Every structure is written in structure tokens, then in C-alpha cells.
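Hi,

Here is the structure I promised to pass on to you.

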Number of protein chains: 2
Amino acid sequence: MSSNDYPSTPRNRVRRLPERGSHDRDLIHAILDEGTFCHVGIVVDGQPFVVPMAYARRGGTLLLHGAASSRIMRALAGGAQACVTVTLQDGMVLARSAFHHSMNYRSVMALGRARPIEDDARKKEAFDALVEHLVPGRTRDARAPNQQEVKATTILEFPLEEVSAKVRTGPPKDEEEDMAMGIWAGVIPLRVVPGEPEPAPDLEPGLEVPEYAASYSRTR
Amino acid sequence: MSSNDYPSTPRNRVRRLPERGSHDRDLIHAILDEGTFCHVGIVVDGQPFVVPMAYARRGGTLLLHGAASSRIMRALAGGAQACVTVTLQDGMVLARSAFHHSMNYRSVMALGRARPIEDDARKKEAFDALVEHLVPGRTRDARAPNQQEVKATTILEFPLEEVSAKVRTGPPKDEEEDMAMGIWAGVIPLRVVPGEPEPAPDLEPGLEVPEYAASYSRTR
């Protein structure tokens, strides 16, 4: 463990294929900043629920938000044990053998409990961070939340304490005896690519597509 | 509920924004067939864990696979309550107000318990289905799993019983009073796009990129 690592714990140590695991802070932050949504797991009556959700990273904290009335936000706000996972898919790995087929990916898993942000001024800052995470540059233009909208929204802080990354990169790893079978092997890279922005049908005439939408990209 | 629907239960009824929820079988199957990986949630000592995993759909069943030695595969094989969620991200929704920013997405959430496939012949069929799900056409070329590889792999069946879809599509929905503020609004579409296949560095000379890799696409 280097000084830049998040701590390794018995619960978040990467056991399976440990060479793919890491607690490196810069790697973890880079994955979280490139991703757009997370999957949040909570438990209700012994049953796990896994729900996609928007998020943003601010320092060593994730911000999560959703409707104050939703079941999962209520459970999270109440301090339920949670797991937040972000996965970026980088490619399909085609090995010679069916067995060694794989995916290239980068993922982060964080264990912990969230706590609601109650203060209205801090909630507004968190709102900005969430919008900026989705579309960097957008808060300059978007109409800021009013008092009623702030009240209707639950925003949670989820401290990154027990957190790990798992990464697979590179070409397929095949068995020696499969190398000369005349089977093509390699990687099909996959990327999330933005299309041409689609103006709202009720857009006022004369408004140009902003630069942050026209040149949108997740990689920094 | 139509005759083509999966059943709605108290646990999987879509409560929040029910107009986005569905139990339609064709919609659920289409989302599962377009996705490449799922997030599986299980509970260990009250703590939820959410892990990305490859899968395939075969009829009304998901196939999951992983190393027989992994913690989550052991828990799943032992009949742990699980949740399998697949999310496709379709776009960023830029509303005039920060509050109405959203994402377009299609997701499926399935609750239930997995059971291991024990029979070797059925495991080999499931192997094929998993490879075909990742890269349609690939099983014609890939070297089939041998006895040792079949033994080393846990493949689970996860019946689609309690399952629902949630979908957001279309332009932003803004408040009437925000419509004339001169703020651009619309959708930035996002798609998973394959790049040029990257041959393995140790590829035998003279092997062409197969058609299923050169023209890879997730949308059917």
C-alpha cells in the first residue's frame, strides 16, 4: 500500500485475480470521473436491490441524488449499508479458446453508508457538482434550483472509505497449445460515443448548440 | 398487465415514476440482449456487494458465469438472494433547469436466486450461449471448452421471474416558466461504439479479422 492508496480491508480486498485489483486513489478517482452513472446496492428484508443512479465525485466523497420520495433514497438517507459500483467497459477480449474470452473494463466498488446533506446552501453546491459531472460546463447556463426544488431532492454524501478498483486491460491470454490453431484473437475496443446533440422540439428559435454539448466527451 | 408481461409483484412494482416502468417481455428481452454485462447484487453479513459480471439470456433465463473459486459465485451457487441489473445508457438530458437534468436509459432489474448448472453437456451449451452473447458468431471459431475448463467454471441459471424494466426516453421536460429564458435544451445521445479490432500481439501471421469482429455492433 502506498501513501496514495485507499485502505485495504478484509471486506474490500480484491481476492479473485488480485493482480487486477488496486486501491490507488488516482486510478479510482479517474474511473469515477469518467463514468456517468453508478449501480447502488441496498438490502431490504434480506433482498438486495441494485439500482442505476447518477452521481458525482467531490474529493473523497460521492454525491448521489434522487427523488426524496423514492424507496432507495429513503433507505440510503436512513443510513442503510450500501455498495456503489461504477463500471466502464473498454472492450471484448476474443481469445482462441471459449474459456479465455473476457472483457476489458475498469470498475470501482465502494462500501459504506450515505448521509443526507441537509443544509440548503450545501445542497445547491452539490446540485452544481452533479450537473457538472454529467455535462461539464452546463451549470453556467442551467437555471439554478429554487427553494422548492432543493426541498424535493435528496442529495447524499457517500464517503469513499472502503473502496477498491478492478481493471482488466490488454490482449487475450491463451493456452500455449491453442496458439497455432489458426484462430483469430484480439480485442474489439468499445467506447461510449456521443452523437449529434438533439435540440428539444420546443426550443426557442435562434439558440446555438453550446460548445460543451457539441464537443461532449467522457474521457478527460 | 398483458399476456406478454412478466408478473408484477409488490417487490418489483415500479413505484417511482411508474410511467417509466414496464413488465413487457419483449422490451425486457431486448434490453438484456443489447447489454453486454450486468451488475449482480448479493448480501454478505448484511453488507450488499455489487459486482459487474458477464451474462447471456436464454429464453426466460439468464446465464451467469465466473470462476468457481470467486466469493460471489460461491454465494450465488449456494442460493443466495440476488438482484441482477442491466442498464443501457442512451443519452444526457439537458433541461433548462438544473433540477430537470436527467439521463435517457433502459434498465432491467431481476430479483431471485440462481442455481448452478451441474451437467457437463448443459454447461458446454451455456458456455456457447455466453460467448455468443458477447460476440455473436464467435462460437464457430473459438476452441470449445475442455473437461478441465468446464470443471473450473461455475455457470448459473437465474430464472427471470420477478423482473421489471425502467426506461426514460425523449427530450427534457421543463417548467413552463423556464421555456423562454434563452437556455439551450436537448439531448446528447450516447452509444457504445466498437473501434477497429486490435489483433493479439502474438497472432499467427495471415489471419484476417473475422466479419463478426470487423462489423461488431450491440444493436440488433
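First, some housekeeping. This is a predicted model, in which local features need pLDDT of at least 70 and side-chain atom pairs count only at pLDDT 80 or more, while totals for chains, interfaces and linings use all residues. Residues are numbered from 1 along each chain as its sequence is written, and chains are lettered from A and ligands numbered from 1 in the order in which they are written.

Chain A contains five helices and eleven strands; helices (H or I, at least four residues) and strands (E, at least two) are DSSP runs, numbered from the N terminus. Its C-alpha trace spans about 65 × 50 × 35 Å along the principal axes. Of the 220 residues in chain A, 42% are buried, meaning that 20 or more other C-beta atoms lie within 10 Å of a residue's own C-beta, placed from the backbone (exposed is 12 or fewer, partly exposed in between).

Now the interface. Here 84 residues of chain A are in contact with 84 residues of chain B, where contact means C-beta atoms, placed from the backbone, within 7 Å. On the chain A side, E10(A) gives the largest share, nine residues. By class, that side has 52 nonpolar, 18 polar and 14 charged residues (Ala, Val, Leu, Ile, Met, Phe, Trp, Tyr, Cys and Pro count as nonpolar, Asp, Glu, Lys and Arg as charged, and the others, Gly among them, as polar). Within E10(B), Gly186(B) is the bridge partner of Pro199(A).

Helix H3(A) is worth a look too. Its buried residues are Lys123(A), Ala126(A), Phe127(A), Leu130(A), Val131(A), His133(A) and Leu134(A). They lie on the same side of H3(A) because they cover an arc of only 155 degrees around the axis, taken from the directions from the helix axis to the C-beta atoms. Facing away from that buried side are the exposed residues Ala121(A) and Arg122(A).

Finally, the largest nonpolar core has 122 residues, and Leu64(A) and Leu64(B) have the most contacts inside it. Such a core is a set of buried Ala, Val, Leu, Ile, Met, Phe, Trp, Tyr and Cys residues joined through C-beta atoms within 7 Å. Leaving aside neighbours within four places in sequence, the contacts of Leu64(B) include Val40(B), Met53(B) and Phe158(B).

Best wishes

Terms used: Two residues are in contact if their C-beta atoms, placed from the backbone, lie within 7 Å. Two strands pair if DSSP finds at least two bridges between them.
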